[in-house]
Amino acid sequence: ALSAKNVPQAPEDPLYGLVNAYLSDKSDKKIDLSVGVYRDDNAKPWVLPAVQKAEQLYQCDPDLDHEYLPIAGLPEFINAAQRLIVGADSPAIRESRICSFQTISGTGAVHLGGALLSRFLPLPTPAIYLSSPTWAIHDQIFNNVGLAIKEYPYFSSKTKMMDFDGMISVLGSAPPGSIILLHACAHNPTGVDPTHDQWGKIAKIIRANRLFPFFDCAYQGFASGSLAQDNFAIRYFIDHGFELAIAQSFSKNMGLYGQRVGAFHYIACPGSGAQEIVERVASQLAILQRSEISTPPLFGAKIASIVLNDKEICADWEKDLRTMSGRINTMRESLKQGLDQLQTPGQWGHITSQIGMFSFTGLSKSQVLSLREKWHVYMVETGRISMAGLNSGNVRYFAEAVDDVVR
Ligand code: PMP
């Protein structure tokens with residue numbers, strides 16, 4: 001029987017614990033910089049105008065019903081998501097060596113990929129290498145599917161830049177067959193991405209060492225404002241003939257967080273037999289999907305599909321992406337300017353050189369705790385802040401708070 005002894009109390013998710021602490025703080029100065037969600041300049045959630053248009057179109061559809069989707073998901077969504085992430089002109093599509101499944105957003109895509117890899121990689125199943133640091137949930141997801149987890153260096157807290165040599169050295173010594181989890185763009189939590197040249201070197205070592213790249217892409221278009229720029233790495237690997245997996249999320253770039261819209265893609269190497277491999281992989285993905293969620297949810301996929309397939313709405317969406325990334329970049333500049341003006345001790349150039357939703361400030365755990373207690377600023381203990389929590393009304397206050405706790 002389930003008894004208190006068999007089921008120990010688990011700790012609360014640290015991020016959601018922080019959100020609760022923020023919600024119960026009565027100060028009118030409080031700032032939430034914890035969860036990675038976009039906020040407009042009034043600190044409010046933003047329904048993208050393109051998404052609003054798609055919702056209106058959907059509601060006017062006379063054929064609207066609530067039937068089950070196929071196991072792999074809504075075909076017009078899956079096909080459009082595929083074109084978006086690998087490029088409409090991709091050899092992977094032309095040569096039918098890609099299969100795609102709609103998932104419970106990016107988290108579900110990472111999980112489905114993990115479940116597939118843990119089941120079908122040759123024994124003994126190789127480890128998955130995660131960047132240090134990485135999105136906190138990677139570790140939990142891959143643990144859940146029984147993959148052994150290892151780390152590769154990624155970020156130097158000294159330089160606040162990539163520890164590229166450290167990364168290359170560990171990838172170079174990883175046993176062949178190891179899975180390498182890569183953030184396609186806007187690395188969470190550091191906001192630091194490899195340059196194009198560095199991606200080339202990463203690809204080279206992955207090829208030389210026969211490693212398996214698994215891209216997690218949660219921020220396409222959200223990071224730079226350009227969909228093409230943000231999937232450079234994925235296209236580069238496909239153009240160079242890699243076998244790879246991709247987890248794709250529409251939470252941030254369409255603001256569809258709670259609708260759970262995403263996809264998992266598997267791409268086989270070019271060559272004879274590729275199509276057949278993809279068919280077999282798809283048949284196994286169908287079994288995994290069926291046993292876990294049966295079929296994926298309808299509404300969010302319909303909305304995303306309208307946005308992606310309607311030329312005009314898609315152009316509106318690209319504008320919305322520039323609005324979000326532009327506002328975040330403005331906040332990066334304002335914060336940096338505020339710290340410069342206050343002559344806050346330390347180097348703050350990384351605030352403007354990092355990209356995407358987060359900034360890895362370099363603030364210590366004790367500074368983070370003082371910010372919370374003294375200034376009502378809520379951020380995770382690693383010093384990561386969600387840039388979208390800043391706005392023209394609170395960025396100066398935040399700079400003053402940081403200035404106070406680092407002195
Ligand atoms: N991967 C990374 C790196 C992320 O930052 C996120 C969002 N925080 C996700 C995956 C998945 O998010 P979701 O399940 O909301 O799509």
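**Note on the predicted model**

1. Residues 29–402 form a span that is 46% helix and 15% strand, and its end C-alpha atoms lie 14 Å apart. The model discussed here is a predicted one. For these residues, 29–402, the UniProt record, an unreviewed entry, gives the feature "domain: Aminotransferase class I/classII large".

2. The sheet may be taken next. Seven strands make up an open sheet with mixed pairing, and their order is β2-β10-β9-β8-β7-β3-β4. The edges are held by β2 (98–104) and β4 (149–153); each has a single partner strand, so one side of each is left without a neighbour in the sheet. On average, and with direction ignored, neighbouring strands of this sheet are turned by 25° against each other.

3. Strand β7 (residues 179–183) and strand β8 (residues 212–217) run parallel and are joined by 5 bridges. Leucine 181 has phenylalanine 214 in β8 as its bridge partner. In general, the strands of a sheet pair through backbone hydrogen bonds, either parallel or antiparallel.

4. A helix is placed against these strands. Helix α10 (residues 232–239) lies across β7, β8, β9 (244–249) and β10 (261–267).

5. Two packed helices are described by the angle between their axes and the distance between the axes. For helix α2 (residues 49–60) and helix α13 (residues 311–341), the axes come within 7 Å and cross at roughly 150°. Angles over 145 degrees count as roughly antiparallel, and α2 is therefore roughly antiparallel to α13. On the α2 side the contact is made by Pro49, Ala50, Lys53 and Ala54, and on the α13 side by Ile313, Asp316, Trp317 and Asp320. By class, the residues of this contact of α2 with α13 divide into 5 nonpolar, no polar and 3 charged.

6. Proline 189 is found in the loop between β7 and α8 (196–208).

7. A further point concerns the backbone at serine 96. Its phi is near 50°, a positive value in a residue other than glycine. Serine 96 belongs to the loop between α4 (91–94) and β2, and β2 is one of the edge strands of the sheet described above.

Note on methods
Residues numbered from 1 in each chain as written. Predicted model: local features only at pLDDT ≥ 70, side-chain atom pairs only at ≥ 80, totals over all residues. UniProt positions renumbered as here; feature names shortened; annotations may be inferred. Helix = DSSP H or I, 4+ residues; strand = E, 2+ residues; numbered from the N terminus. Pairing = 2+ DSSP bridges. Axes fitted to C-alpha atoms, helices over the stretch in contact; angles between N-to-C directions. Contact = placed C-beta atoms within 7 Å. Parallel < 35°, antiparallel > 145°, perpendicular 65-115°, else oblique. Nonpolar A, V, L, I, M, F, W, Y, C, P; charged D, E, K, R; others polar.
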